[in-house]
Amino acid sequence: MEYALYQRIRIVREVLKIKQGVFAASLGISQSLLSKIEKEQRTIPIELIINICLIYNVGGDWILLEEGPMFKKGMKATSQEAKIVETPEIELLKVMPRTLLDLEDPEKLEKGLVAFADYIEKLRHKTKKVNKGKQ
(Lines give C-alpha, C1' and ligand atoms only; values in the text may rest on other atoms or scores of the structure.)
Protein backbone atom coordinates (compact mmCIF):
# COMPACT_ATOMS: atom_id res chain seq x y z
CA MET A 1 0.00 0.00 0.00
CA GLU A 2 1.34 3.42 -0.88
CA TYR A 3 1.21 6.20 1.68
CA ALA A 4 1.57 9.94 1.20
CA LEU A 5 4.53 11.73 2.80
CA TYR A 6 2.42 13.16 5.63
CA GLN A 7 1.19 9.63 6.40
CA ARG A 8 4.73 8.23 6.44
CA ILE A 9 5.73 10.85 9.02
CA ARG A 10 2.88 9.66 11.25
CA ILE A 11 3.83 6.02 10.62
CA VAL A 12 7.42 6.65 11.76
CA ARG A 13 6.14 8.24 14.97
CA GLU A 14 3.69 5.41 15.62
CA VAL A 15 6.21 2.65 14.88
CA LEU A 16 8.58 4.28 17.38
CA LYS A 17 5.66 4.56 19.84
CA ILE A 18 6.34 8.24 20.48
CA LYS A 19 3.57 10.63 21.47
CA GLN A 20 2.92 13.48 19.09
CA GLY A 21 4.07 16.18 21.53
CA VAL A 22 7.32 14.41 22.33
CA PHE A 23 8.04 13.72 18.64
CA ALA A 24 7.31 17.35 17.75
CA ALA A 25 9.56 18.65 20.54
CA SER A 26 12.42 16.40 19.44
CA LEU A 27 12.11 17.88 15.94
CA GLY A 28 11.98 21.46 17.23
CA ILE A 29 8.39 22.13 16.15
CA SER A 30 5.12 22.55 18.01
CA GLN A 31 2.67 19.72 18.53
CA SER A 32 0.08 21.84 16.73
CA LEU A 33 2.27 22.08 13.62
CA LEU A 34 2.99 18.35 13.65
CA SER A 35 -0.72 17.62 14.01
CA LYS A 36 -1.48 19.79 10.98
CA ILE A 37 1.32 18.14 8.98
CA GLU A 38 0.01 14.66 9.87
CA LYS A 39 -3.47 15.73 8.68
CA GLU A 40 -2.06 17.19 5.42
CA GLN A 41 -3.12 20.69 6.47
CA ARG A 42 0.38 22.20 6.26
CA THR A 43 3.27 21.98 3.85
CA ILE A 44 6.10 19.79 5.07
CA PRO A 45 9.38 21.72 5.35
CA ILE A 46 12.39 19.86 3.92
CA GLU A 47 14.24 20.57 7.17
CA LEU A 48 11.65 18.47 9.02
CA ILE A 49 12.20 15.52 6.70
CA ILE A 50 15.96 15.82 7.12
CA ASN A 51 15.65 15.98 10.90
CA ILE A 52 13.40 12.92 11.00
CA CYS A 53 15.96 11.00 8.95
CA LEU A 54 18.94 12.15 11.03
CA ILE A 55 17.41 11.99 14.48
CA TYR A 56 15.45 8.76 14.09
CA ASN A 57 17.69 6.97 11.56
CA VAL A 58 14.89 6.85 8.96
CA GLY A 59 15.83 5.95 5.40
CA GLY A 60 15.56 8.92 3.06
CA ASP A 61 14.29 6.74 0.22
CA TRP A 62 11.57 5.37 2.45
CA ILE A 63 10.36 8.70 3.85
CA LEU A 64 10.35 10.37 0.41
CA LEU A 65 9.49 7.53 -1.96
CA GLU A 66 8.37 4.64 0.26
CA GLU A 67 11.20 2.54 -1.15
CA GLY A 68 13.70 0.48 0.81
CA PRO A 69 13.71 -0.06 4.56
CA MET A 70 12.02 2.40 6.92
CA PHE A 71 15.10 2.50 9.15
CA LYS A 72 18.66 2.52 7.86
CA LYS A 73 21.64 0.65 9.24
CA GLY A 74 25.30 1.35 8.52
CA MET A 75 24.61 3.57 5.55
CA LYS A 76 27.73 4.68 3.66
CA ALA A 77 27.90 8.40 2.94
CA THR A 78 29.30 10.14 -0.10
CA SER A 79 32.38 12.25 0.56
CA GLN A 80 30.26 15.41 0.82
CA GLU A 81 27.76 13.74 3.16
CA ALA A 82 30.60 12.30 5.24
CA LYS A 83 31.75 15.81 6.15
CA ILE A 84 28.29 16.48 7.58
CA VAL A 85 27.76 13.08 9.20
CA GLU A 86 31.12 13.12 10.98
CA THR A 87 30.41 16.24 13.02
CA PRO A 88 29.92 15.58 16.75
CA GLU A 89 26.56 17.38 16.69
CA ILE A 90 25.15 15.10 13.98
CA GLU A 91 26.51 11.99 15.69
CA LEU A 92 24.79 13.05 18.91
CA LEU A 93 21.55 13.71 17.05
CA LYS A 94 21.68 10.19 15.62
CA VAL A 95 22.38 8.44 18.93
CA MET A 96 20.40 10.50 21.45
CA PRO A 97 16.81 9.51 20.51
CA ARG A 98 17.59 5.80 20.82
CA THR A 99 19.37 6.43 24.12
CA LEU A 100 16.43 8.41 25.49
CA LEU A 101 13.96 5.74 24.44
CA ASP A 102 15.88 3.22 26.56
CA LEU A 103 15.02 5.20 29.70
CA GLU A 104 12.27 3.50 31.66
CA ASP A 105 11.60 6.27 34.20
CA PRO A 106 9.01 8.62 32.62
CA GLU A 107 10.35 11.66 34.50
CA LYS A 108 13.91 11.05 33.31
CA LEU A 109 12.64 10.47 29.78
CA GLU A 110 10.68 13.72 29.81
CA LYS A 111 13.64 15.70 31.17
CA GLY A 112 15.95 14.10 28.62
CA LEU A 113 13.61 14.90 25.74
CA VAL A 114 13.25 18.51 26.85
CA ALA A 115 17.03 18.85 27.07
CA PHE A 116 17.40 17.20 23.66
CA ALA A 117 14.82 19.55 22.10
CA ASP A 118 16.72 22.53 23.60
CA TYR A 119 19.94 21.18 22.13
CA ILE A 120 18.37 20.89 18.68
CA GLU A 121 17.08 24.46 18.92
CA LYS A 122 20.56 25.73 19.84
CA LEU A 123 22.01 23.88 16.85
CA ARG A 124 19.39 25.46 14.60
CA HIS A 125 20.33 28.96 15.77
CA LYS A 126 24.03 28.16 15.37
CA THR A 127 23.41 26.87 11.83
CA LYS A 128 21.39 29.96 10.90
CA LYS A 129 24.22 32.23 12.10
CA VAL A 130 26.80 30.25 10.11
CA ASN A 131 24.62 30.30 6.98
CA LYS A 132 24.04 34.08 7.29
CA GLY A 133 27.81 34.59 7.51
CA LYS A 134 28.29 32.69 4.22
CA GLN A 135 25.87 34.93 2.30
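**Overall fold**

The model is predicted. Its chain has eight helices and zero strands. From the N terminus on, the elements therefore read α-α-α-α-α-α-α-α. The chain holds 135 residues, and buried residues make up 33% of them. Its accessible surface comes to about 9,200 Å². Carbon and sulfur atoms account for 55% of that surface.

Helix α1 covers residues 5-15. Its buried residues are Y6, R8, I9, I11, V12 and R13. They pack against α2, α3, α4 and α5. After α1 comes K17, with a positive phi near 55 degrees.

In soluble globular proteins, nonpolar side chains tend to be buried together. Here the largest nonpolar core has 25 residues. Within this core, I9, F23, I52 and I63 have the most contacts. The top contributor is α4, with six residues.

What does I63 touch, leaving aside its neighbours within four places in sequence? I63 is in contact with L5, R8, I9, V12, I49, I52, C53 and V58.

**Salt bridges**

A search of the whole structure finds three salt bridges.

| Pair | N to O distance |
|---|---|
| R8 and E66 | 3.6 Å |
| R10 and E14 | 3.3 Å |
| R13 and E38 | 2.8 Å |

Start with R8 and E66. This pair links distant parts of the chain, 58 residues apart. R8 sits in helix α1, while E66 sits in the loop between α5 and α6. Are these two residues buried or partly exposed? R8 counts as buried because its relative accessibility is 4%, under the 20% cut-off. E66 has 23%, so it counts as partly exposed.

Next come R10 and E14. Both lie in helix α1, four residues apart, about one turn of the helix. An α-helix has 3.6 residues a turn, so residues three or four places apart point the same way. R10 is partly exposed, with a relative accessible area of 25%. E14 is partly exposed too, at 43%.

The last pair is R13 and E38. R13 lies in helix α1 and E38 in helix α3, so their bridge ties together parts that are 25 residues apart in sequence. Both R13 and E38 are buried.

**Positive phi in the loops**

Most residues other than glycine have a negative phi. N57 has a positive phi near 60 degrees. N57 is found in the loop between α4 and α5. E66, the salt-bridge partner of R8, also has a positive phi near 60 degrees.

**A look at S26**

S26 lies in helix α2, which spans residues 20-26. At 1% relative accessibility, S26 counts as buried. Where does the side chain of S26 reach? It reaches the backbone oxygen of F23, at 2.7 Å. F23 is also one of the core residues with the most contacts. Leaving aside neighbours within four places in sequence, S26 is in contact with I55, Y56, F116, A117 and I120.

Notes
Residues are numbered from 1 along each chain as its sequence is written. This is a predicted model: local features need pLDDT of at least 70, side-chain atom pairs count only at pLDDT 80 or more; totals for chains, interfaces and linings use all residues. Side-chain values use heavy atoms; hydrogens and water are left out. Helices (H or I, at least four residues) and strands (E, at least two) are DSSP runs, numbered from the N terminus. Buried means under 20% relative accessible area, exposed over 50%, partly exposed in between (1.4 Å probe, protein chains only). A polar contact is a pair of N or O atoms within 3.5 Å; within protein, one must be able to donate a hydrogen and the other to accept it, and residues adjacent in sequence count only if both atoms are side-chain atoms. Contact means heavy atoms within 4.5 Å. A nonpolar core is a set of buried Ala, Val, Leu, Ile, Met, Phe, Trp, Tyr and Cys residues joined through side-chain atoms within 4.5 Å. Accessible areas come from the Shrake-Rupley method with a 1.4 Å probe; for residues, only the protein chains shown count as cover. A salt bridge is a side-chain nitrogen of Lys or Arg within 4 Å of a carboxyl oxygen of Asp or Glu.
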